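Subject: The structure I promised you

Hi,

Have a look first, then read on for what turned up.

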Amino acid sequence: MLVLFSLAMLSVHGYADERAMGVAENAAGLWNKALKAGSIDDILTLYADNAMIIQPDGSFSKERNEIRAFWQNIMDKKSGVMAIDVIEARDDQDGTIVTTAHLSDSKTMSASPGMMKYSYDGIVYSVLKRQPDGSWKAQVQQWRDTHAHVG
């Protein structure tokens with residue numbers, strides 16, 4: 001009986017993780033569409049009204065204009081195609097999903113005969129919150145330092 005209960009709980013947990021990953025992948029698709037368009041206004045629509053960003057240096061951006069300035073800085077520095085890829089996602093509480101995603105920005109540069117590729121990588125931890133309209137928006141994001149690579 002205990003074994004059956006344990007298997008049932010693993011099955012429920014597995015379904016929750018699958019659902020969380022589906023929500024996270026869908027959200028990443030919306031982010032990638034906005035990033036590809038380079039539209040900060042589109043990016044801002046993906047945040048909840050009370051959103052907060054924890055920047056790599058530990059500072060917080062809580063107001064819409066602070067979040068806009070954060071993204072303006074990123075867009076000014078981006079070197080090529082930015083993309084968010086979900087690494088993992090889990091249900092935290094009803095209506096809340098915690099995700100870990102990889103953010104990359106890369107551009108192939110033809111400055112040398114061997115085609116040099118420049119890129120940076122970073123990790124973004126997000127708390128996605130289900131909104132009254134059924135959409136999922138970032139309520140909290142924590143950004144880890146990005147590291148530049150030339151190869």
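Predicted model: local features only at pLDDT ≥ 70, side-chain atom pairs only at ≥ 80, totals over all residues.

You'll find N50 in strand β1, which covers residues 47-54.

The structure holds one cavity of 30 Å³ or more, and the largest cavity has about 120 Å³ of space in it. Which elements give two or more residues to its lining? They are α1 (2-37), β3 (81-93), β4 (96-109) and β5 (116-130). Helix α1 gives the largest share, four residues. Among the lining residues are A24, A27, A28 and W31, along with I84, V86, T99 and Q141. Sorted by kind, the lining has nine nonpolar residues, three polar ones and no charged ones.

How many aromatic pairs does the structure hold? There are five. In one of them, W31 and W71 form a tilted pair, 5.9 Å centre to centre with 35° between the planes. W31 sits in helix α1 and W71 in helix α3 (residues 64-77), so this pair ties together parts that are 40 residues apart in sequence. Both W31 and W71 are buried.

Another pair is F70 with W143. Their ring centres are 5.0 Å apart and their planes are at 75°, so this pair counts as edge-to-face. F70 belongs to helix α3 and W143 to strand β6 (residues 136-143), and the pair links these distant parts of the chain, 73 residues apart. F70 counts as buried because its relative accessibility is 9%, and W143 is buried too, with a relative accessible area of 6%.

Now put the rings together: ring pairs link W31, Y47, F70, W71 and W143 into a cluster. Show those five residues at once and you can trace the links yourself.

One last thing to look for: K62 lies over the face of F60, at 5.8 Å from the ring centre.

Note on methods. Residues numbered from 1 in each chain as written. Heavy atoms only, no water. 1 Å grid on protein atoms, 1.4 Å probe; cavity = no way out; pocket = protein on both sides within 12 Å on 5 of 7 lines; lining within 4 Å. Points joined across faces, edges and corners; volume = space filled by probe spheres on them. Nonpolar A, V, L, I, M, F, W, Y, C, P; charged D, E, K, R; others polar. Phe/Tyr/Trp six-rings, centres within 6.5 Å; stacked < 30°, edge-to-face > 60°. Buried < 20%, exposed > 50% of the residue type's maximum accessible area, 1.4 Å probe, protein only. Lys NZ or Arg CZ within 6 Å of the ring centre and 35° of its normal.
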